[in-house]
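Here is a friendly briefing on the structure shown below. It goes topic by topic, with the working definitions given along the way.

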Amino acid sequence: MSSSEVDSGDNVHPGKPVIVDRYTVGARLNHWVTAISLVLLALSGLALYSPSLYFLTALFGGGALTRVIHPWIGVVLFFSFLGLFFRFFRLNLWKKNDSVWLGRLREVLAGDESKLPEVGKYNAGQKVVFWSMSILILILIVTGLISWDEYFARYFSIEQRRMAVLVHSGAAIVAICVWIVHVYAGIWVRGTISAMTRGQVTGGWAWRHHRKWLKDLVTTKR
Amino acid sequence: MNIELSRRSFMLGAGAGLAGTSLAALGFGEIEAAHALSIRPFRLAQTKEVRSQCPYCAVCCGMLIFAAESKEEKGKMEVTHIEGDVDHPVNRGTLCPKGAGALDYIKAKTRVKYPMYRKPGSNSFERVSWDFAMERIAKLLKDDRDANWIDKNRDGVTVNRWLTTAFLAGSSVANEGGWATFKVSRGLGLLQIENQARI
Amino acid sequence: MTNSWTDIKNADLVWIMGGNAAEAHPCGFKWVTEAKAERGAKLMVVDPRFNRSAAMADHYAPLRSGSDITFLSGVINYLLSNDKIHKEYVRHYTNAAFIVRDDFEFNEGLFSGYDESKRSYDRSTWEYKFGPDGFALRDMTLSDPRCVFQLMKKHFAQYTPELVERVCGTPKDRFQKVADWVSSTANGERSMTIMYALGWTQHSHGAQNIRCAAMIQLLCGNIGIPGGGVNALRGHSNVQGITDVGTLTAAIPGYLALPTEQEPTLESHLSKRTFKPLTPNQTSYWQNYRKFFVSFLKTQFGANATPENEFGYNYLPKLDGIYDCIKMFDLMHQGKTTGLICQGFNPLMAIPNSNKSREGLAKLKFLVSMDPIETDTARFWENHGEFNNIDPAKVQTEVFMLPVTSFAEEEGSVTNSSRLIQWKWKAADPYFESRTDTEILADLFVRMRKMYEKDGGKGKEALLAVDWSYKDPLHPSVDELQTELNGKALVDLKDASGKVVRAAGQRLATFGEMRDDGSTDGCMWIYTGFYGPTGNMAQRRDNSDPSGLGVFPNWGFSWPANRRIQYNRASADPDGKPWSEAKKYMYWNGERWTGPDVPDYVPTIPPERAVGPFIMNAEGVSRLWVRGLMADGPFPVHMEPFESPVGNIVFPKLKGNPVARIFKHDLAALGTSKDFPIVGTTYRLTEHFHYWTKSVQVNAVTQPEFFVEMSEQLAKEKGIKHGQMVRIRSNRGEVKGKAVVTKRLKPFTIDGKTVHQVGLPLNFGFIGETKKASPINGLTSAIGDANSQTPEFKAFLVNIEPIAGSVA
Amino acid sequence: MFTPVPNPTTNPVPPKFGEQDLIRRSASTVTPPAKRLTEVAKLIDVSKCIGCKACQVACLQWNNLTEEVGVNVGVYDNPHDLTENTWTLMRFTEYENTETGNLEWLIRKDGCMHCADPGCLKACPAPGAIVQYSNGIVDFVHDKCIGCGYCIKGCPFNIPRLSKADSKAYKCTLCVDRLAVGQGPACQKACPTQAIVFGTKDEMKQWADHRIKDLKSRGFANAGLYDPPGVGGTHVMYVLQHADRPEIYAGLPNNPTISPIVEAWKGVTKYVGLAAIGAFAVIGFLHHTIAGPNRVTEEDEKNAERLTEGRS
């Protein structure tokens, strides 16, 4: 099974069109908790990050509440993402073909997938998003805790706390960019969003974008 | 009062007049203006100021005591703030940490509010009336005085003394209270009288 | 203080020793920093610890606690042997020229007349030689071998810098610089002020420490001039006023004496104290003693004081000895005392040997505490674990804790350290049920008098003789009491020509108006004029200073006679001219004495009358030689504390002060350097005031907990870590505190031996906001100075050890 | 003696400055005032400081603050650090001067320096929570403070502290309410030895010169004024006996500046970050416009059906 691209819960339902189960209810819930946290974090974080976006604190009931809520959402995000991580990390492990796929980014962006290797459950782009988010969230939680003065100020020097906020904001910017890529990819690649809403995609979608996954699925679920 | 140079009252400089007028034009009253600015209104405004002096050491620094009606005891004036008296030639408005904190002395947790009495062998004080305390103390004093009074010594010299009760006089009481203390304690015939001068 | 706080700014050299002005009197110390900053003055500090004053000093010299006399004698020797003295001042304004009796002797630390069995001196040989005219003999050339000056030279010759180093542990160069700087003021051009406090008084030879300082200042001519003087920095706000008013065992207001039982009549009392001049033309102001004493009697007994009954003289109690606070607590400990009234006094904390004090208090039938705050004494019967270990059930003492108004809730006059009487106005109403001291005492007194009137009793006559004719006997007014302090004419006072100079009922303007025939009253002559006919001088608030010398003549009232610098006639030479322009103060203008101050002199006596400037002294001059006025010698000698890490190196026969009084219990409680090798010394912290501010939250914040200061070397030797809890023991008790290991304390080398010293702040106890602590006086010994009975708090022996596993 | 400010009056007085005198406001801009106030300063002369803590007490009293009673840990510094209630603190250093062989007890009053270029204000994300008046006062406005603690990180002197009670940041206000009625700060008024004096910044510099001259005459060749240019100068200045080594005074920073990390964070990063986010969004948009959506074709569906055939 180790080389199989199939996750527990994945399934395929022949028919017209073919329907493929891509994400279980648990995975989807987990994803959306993470997603909402991330959006809220981005909004509250940006509000505290740049005076020009301070108006966003209104969404959270003012500056002080924004400051109070942000780190707690961060904690939620961290544990939520931890869930996603353990769900998804195995199929996000880097494979040789991923490098090939990434090497042909031009074709990817052109939507010309015939020239790409067959993709498992996740393509290299998704894997990059997954791993960068994993690393960034780890950085964010660590630096976030260091700069969470209400509880942790006394354990760190000023210099460490200063560095932490700088790294935190840098990491957050990168994370937001990664998030943009992630969301955009979902929109651009039509038929993707249903994977996270209903948990299902069409067979055609799977054939087009994750052919190896579909094939493995058909094989294993025989 | 030549000690105060008016120069210094202008220290805050040119902007002051401007601030006053422009605010007035906006229709802000003084106190409201201060609130609007997030600058706390001056605490001492409309309190009663009294010139006093520090109760601690013998530099006897001049103090300004500010008082207002008590929240705890209606109808009574209580001290709200203390700072140094700039007019005073010795301290010139300064106070040491004791003097600067003298308000916390007036309001100390251990301040005695009522006459308190502890019975022999008891484990606590109980609140009593002034009348009870005074009557009891007077009785104790009289009993001891009557029991141990010496009007003449062995040589027949009139000595009028009472040696079995002692009086430790305070050194922070004012001179007038000090004199009353002397008059009463000597009037009773006490010789065991001391104050802090020796220690 | 001979001078005033603001006068310190006129000093060219400030010497702080036996005190820590920056710590204990920060706002007075301001004038030291002013002298430094604006005058370029130098500050030197000599102290066992590098303290807050030392932090401000240009020169610091350490000395072992208790060795001050040797250090100061070293300075005296330096001045005399190098002839660095103000010669004319010494010749004319001190008794240097006076010839001493031939039978006076000094041997191995003891003066002639010592009686070991009585531990006292027969002081009759410590006297001048008198001529046939009854006046003392003098040699104005100062060369007679029996004149005070020559005796002094001989007496102090052995106090060399080497000896100072051996005894005091002061490095020679550090001592030498002090002596050099002192000598730079022996010229009338520059002045030095000496500031001291309990660091000098709290020794068994404390009074002699101050003698030394006075002698140095006289040799330099620094008494009576701006920026000079010997300035005692007093503790409590009104300790000066309360001492003036005489609430001390043997006193009557204004430094008059309470009669002893050897004085059965008024005349026998007065004749001993009305001193005749010892040289021609002298003022000898105490000749007026009888006027002051009779006026006092008129105030105490009012209409009951008549010429027929010697003005009520025999109503006064008479002494059979003195009852100072050490004696008081010894009697209490012996179970001889029934009751104790503490008015603003916390003796469990303040009196030496707290364990003895606690045992004494437990033997009382009743204890009354009159205080704005709860004191440790008022709660002495309460168990506070190791800090006050007592079983309440076994204490049969009745205790009263009476609420007294605080300083802000009453009005009256208060006398500061420099004799300046100022007014405080009432700012707030009494806190809850509190009453003023006067109201409480009046209530008690009136009640007792009623009891005696109704039921009779012993000593009734004396009790009822006291004048209590206040308008409202339960509330004598401040105005009435102040009038009594000041004095008034009881009948029309007339001058020689018959003109009325003061109408009956009018308040007196000066003590010069007092009479000895009962026609004036006034219980405290030195204050007369402070509430004179023109009004309440203590309330004056004109802070102008026309001379710029910090005199402020119209601010309050400085007793006596509104004088700011005492002995100020000495600021001019015998011809009445200022010693120098730089130190110009009071001078003769051809008609009278003038200057920025009130002359300490009859203003119209011309210089050629050769009346000495020290008008209170029968000699007319100051005393380098103190005659028989001190119990332990006419000159200072090196004496060790009763508990000392070393023997007396200078006079091996002397054990402590040979004439200090020691009670049996206290003798037995002395420890030895074998068991207790470390010198302990107690002091207060700037963040606290005695035992009051441990009840003050904000002060508890700034110094929250008892600690002991020690050198890095001692800490290492004992294995004590910074901030660790340590135990300090003396032969009388023990205390626990945090270790403050500091570079500011250094071990001393005394006669080749290393001597450690620890510093023990005294402000902590078991009542209040600070962390609980045992009274520091649990360690100290109840042996006092031979003259003043001030306990030896500044030098005693302890040992110290770490308490395992307790690092802060 | 530096002439003290006369006693306060108990009559209400209009404040001498206010909102219209702000020259900086955190996370927002202000209209520069038409006329600037004279700059004021507090001068702390360490050589005159006896460490009595009167300033600490006066500060607590004037500002109605209550500090906890702590413990002794082997030093005179109490409390042991600045807190939300202790806005000023005496820090004690025992310094052995090897040149003179003398021990020096250096006692420095720590607290807000009221920098001309305040790092706290720069770091603060809440508009108007930190303000700077043209007379030099840097004040925290607690209604607007959100308690993020960025000011602490922005401060080159490590001064502000977060309150455990209301999670807002606190520090010395230079007694803005006293200055507004013409009084000096409470700590300055109390200081027994005039180790703290207060006046216009020019007066303070002159007074400092006078003090430095005195110190030099007493052998402190390196005596000098601490008015660090790295933060544009401060409105709390020190006279130091050893101005060449401020760090011996309980770690007073030598030539402090706003930390480059903070500068980076509040400066370039902010723009680069927002630009990056914007760029990603724009690129996405452009890509979509140019490349169009990536749709699944009929054929893809067919292929999938083919693959799964016979599997039902």
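## Where chains B and C meet

Strand S4 (residues 116-118) of chain B and strand S14 (residues 398-403) of chain C run antiparallel and are joined by 3 bridges. This is a predicted model, in which local features need pLDDT of at least 70 and side-chain atom pairs count only at pLDDT 80 or more, while totals for chains, interfaces and linings use all residues. Residues are numbered from 1 along each chain as its sequence is written, and chains are lettered from A and ligands numbered from 1 in the order in which they are written.

**The B–C contact**

- Within that strand pair, B:Met116 has C:Met401 in S14(C) as its bridge partner. Strands are DSSP runs of E with at least two residues, helices are runs of H or I with at least four, and both are numbered from the N terminus. Two strands count as paired if DSSP finds at least two bridges between them.
- Chain B brings 109 residues to the contact and chain C brings 136 residues. Two residues are in contact if their C-beta atoms, placed from the backbone, lie within 7 Å.
- On the side of chain B that touches chain C, helix H6 (residues 175-187) of chain B gives the most, with 13 residues.
- That side of chain B has 57 nonpolar, 28 polar and 24 charged residues. Here Ala, Val, Leu, Ile, Met, Phe, Trp, Tyr, Cys and Pro count as nonpolar, Asp, Glu, Lys and Arg as charged, and the others, Gly among them, as polar.

**Inside chain B**

- Chain B has 6 helices and 8 strands, and along the sequence they follow the pattern α-α-β-β-β-α-α-β-β-α-β-β-α-β.
- Of the 199 residues in chain B, 55% are buried. A residue is buried if 20 or more other C-beta atoms lie within 10 Å of its own, with C-beta atoms placed from the backbone.
- Among contacts in chain B between residues at least 6 apart in sequence, 35% join residues at least 24 apart.
- An open, antiparallel sheet in chain B is formed by 3 strands in the order S1-S2-S3. Strand S1 (48-53) and strand S3 (77-84) of chain B each have a single partner strand and stand at the edges, so one side of each has no neighbour in the sheet.
- From one strand to the next, the twist averages 30°.
- S1(B) pairs with strand S2 (residues 62-69) of chain B over 6 bridges in the antiparallel sense, and B:Lys48 stands opposite B:Ala67 in S2(B).

- An automatic or database domain assignment sets the domain bounds: chain D is divided into domain 1 (19-258) and domain 2 (267-308). The C-alpha centres of these two domains of chain D lie 54 Å apart.

**A helix pair in chain A**

- The axes of helix H2 (residues 63-88) and helix H5 (residues 124-146) of chain A come within 10 Å and cross at roughly 145°. Axes are lines fitted to C-alpha atoms, for helices over the stretch in contact, and angles run from 0 to 180 degrees between N-to-C directions.
- The contact of H2(A) with H5(A) has 10 nonpolar, 3 polar and no charged residues.

Methods
Buried ≥ 20, exposed ≤ 12 C-beta atoms within 10 Å, placed from the backbone.
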